[in-house]
Amino acid sequence: MTLVLVFSGLLFAIGTYGVLTRRNAITLLISVEILMNAANLNFVAFSRLWEPELMTGQVFALVGISIAACEAAVGLALILAIFRRFGTTDVGRIDFLRG
Amino acid sequence: MEVNWPDWLDFDWLDLSWLELPWIDTNWFHDNWYGLLLLGFFWGVVVFTMVGALTAVYVYVERKVSARIQGRLGPMETGPHGLLQTLVDVVKLAVKEDVRPAAADALAFRLAPLLVVVPAIMAFVVVPFGVPMVIRDLNVGILYFLAVPSVTGVGLLLAGWASYDNYSFLGGLRASAQFISYEIPRTLAVVTVVMLAGSLSSARLIEAQADTTWFVLLLPLSFVIYVVTTLAEVNRVPFDIPEAESELVAGFHTEYSGFRWSLFFLGEYASLTTASAFAVALFFGGGLGPFLPPVVWFVLKTAVIIFFAVVLRFTLPRFRQDQLMALAWKYFLPLSLVNLLLAGLVMKAVF
Amino acid sequence: MLDSDVQIALFAVFGGIAVLAALAAVLTRYLMRSIVAFGAFLTAIAGQFYLLAADFVALIQIFVYVGGVVVLILFALMLSAVGQKHPLAVSEHRGLGAVVAYAVGGWLVWAAFGADLPEAGEVPGETVAFLGRAFLDQQLVAFEVIGIILLAAVVAALVIVRGERL
């Protein structure tokens, strides 16, 4: 069990690094998905510890996967809209106020 | 980690004892990890060989049937009635020079054909040949059959992108747009079967049909949706717009040649073979039938479906790209939702 | 028959692949490689789910993530960064990011070793049946919420991409 937690902790840290340092919108999205996967891993693992027959953790992981899919769809739609408007997917160079 | 593993994780399914080979101690394989690795490798080779052989037969049948339709003879030179032609072609393709465009992304270019062919072969594992006979009866077998080939979409896009060529690029975009569009009605059509079978295991599927009747009689609409969407998913005529020679050269595999091209080819035919075999399992009772052994029935039924697909290819004209997407989203998606409702009513009536 | 050592080893192998692929996805400066690594990462996670007796979740992971999300991301890449071969710009906050990530990861790993966990319970063999029961019984609200969110996401994505033409 500790093994699972260690792996998901490492993955979460990697995802955090990605979210903080990447500037391209698509890689940012990938980093967020890595974070969600780390969380899902824990949900599935903990599903076995407390009342495995209720499957609460697995249900939550499935909900998480669906949310991630929604997030990807909306996020990518946003990225496309931004690209059409600014000609870049670099979040550092999207500046409404500077015109 | 102190955990109780469920039964289906104990690797018993890799058992070889049914072979009853006196000179091999089958327990040896289960006692250590390299034995297990060898067993896994063995089954991998078995599945790959089966798929490869089926594909070769398929290609031969297609050539002969198309020749008949078009008033030709087809391959005649190599072997009696050209039987060995496919084999010779395989050798030719394997030894051909492997050309890679200078601008292509090396990693993605190499990865793409593998992503197309491997899932198609992997999906073969859950096809139920006999009445209880499946290479691996997962309790989520039908979902496996839907999920694993969906990776192919990534391969198609990667191939189009990696080739660094406009035709490939457009072909890749079209192919995978088509792929994910038709995946939805296809999955919904399979869900109706799962509802009636009451299980996701492919062996249970056959048992449920033994209890009632062929599901094609109960769910004819599901079968129609399944066939059409499957043809669309594997880019077959009349849905082969991603590879339309007349406008896209050869679509996403324009830049591929030799061995890598043959991998795409193998992937397409393997997934069509697997999908046909699974159609038999889903709708025609798999190996159920009188007199003959189940495997023979299964092969016969699959052959009929494949013959149907081949004849379709040479009788129908191609769809246009916008018609293709409109068909998926405007007609097949609502239709499959209505079909889901119908399946509920059927379930109420039959059980 | 095997004891669970092989499965623990397999789990560690999948974990190693997942960590390496995640690192590659986050560190590489080529978008395409990042996406390919992300796909490998998702597959490795699916393998881990399978070993944790969540076969249904593992396959849904492949179906939705590898077959859906990765394809979507590739689509977005192809429609936004066509022909872009030069590496991406690097952020100026790399040091800060590394420090924060190191802190978060260290904290989580420390917590994992310090955690007082109960024994794992008996896993139901037929996960699908149990999941189905859970979704239509105790977790019905979650099920309905997924439906609403999915609908909202589809509509939102359509409006964002082609709002002016709707």
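A residue is called buried if 20 or more other C-beta atoms lie within 10 Å of its own, exposed if 12 or fewer do, and partly exposed in between, with C-beta atoms placed from the backbone. By that rule helix α10 of chain B is mostly covered, since 11 of its 14 residues are buried. This is a predicted model, in which local features need pLDDT of at least 70 and side-chain atom pairs count only at pLDDT 80 or more, whereas totals for chains, interfaces and linings use all residues. Residues are numbered from 1 along each chain as its sequence is written, and chains are lettered from A and ligands numbered from 1 in the order in which they are written.

**Chains and confidence**

- Chain B has 14 helices and zero strands, where helices (H or I, at least four residues) and strands (E, at least two) are DSSP runs numbered from the N terminus.
- Of the 351 residues of chain B, 46% count as buried, and among its contacts between residues at least 6 apart in sequence, 78% join residues at least 24 apart; two residues are in contact if their C-beta atoms, placed from the backbone, lie within 7 Å.
- Chain C has six helices and zero strands, buried residues make up 40% of its 166 residues, and residues 24 or more positions apart account for 54% of its contacts with a separation of 6 or more.
- For chain A the mean pLDDT (the predictor's confidence in each residue, from 0 to 100) is 82, and 89% of the residues reach 70 or more.
- Within chain A, confidence is lowest in α1(A), at a mean of 84, and highest in α2(A), at 88.

**Helix α10 of chain B**

- The 14 residues of α10(B), residues 220-233, should span 20 Å at 1.5 Å a residue, and this agrees with the end C-alpha atoms, which are 20 Å apart; the expected span is 1.5 Å times one less than the number of residues.
- Among the buried residues of this helix are B:F223, B:I225, B:Y226 and B:E233, and what covers the buried residues includes α7 (166-197), α9 (215-218), α12 (258-283), α13 (294-313) and α14 (321-350) of chain B.
- Just after α10(B), B:N235 takes a positive phi of about 60°.

**Contact between the domains of chain B**

- The domain assignment, whose bounds come from an automatic or database source, gives domain 1 (1-95) and domain 2 (104-350) in chain B.
- Their contact takes 18 residues from domain 1 and 17 residues from domain 2, and α2(B) provides the largest share of the domain 1 side, 14 residues.

**Contact between chains A and C**

- This contact takes 60 residues from chain A and 75 residues from chain C, and α3(A) gives the most to the chain A side, with 21 residues.

**Nonpolar core**

- A nonpolar core is a set of buried Ala, Val, Leu, Ile, Met, Phe, Trp, Tyr and Cys residues joined through C-beta atoms within 7 Å; the largest has 177 residues, and B:L282, C:F41, C:L59, C:I62, C:V70 and C:I73 have the most contacts inside it.
- Helix α3 of chain C (residues 55-80) gives the most to this core, with 18 residues.
- Leaving aside neighbours within four places in sequence, C:F41 is in contact with A:I34, C:A18, C:A21, C:A22 and C:A25.
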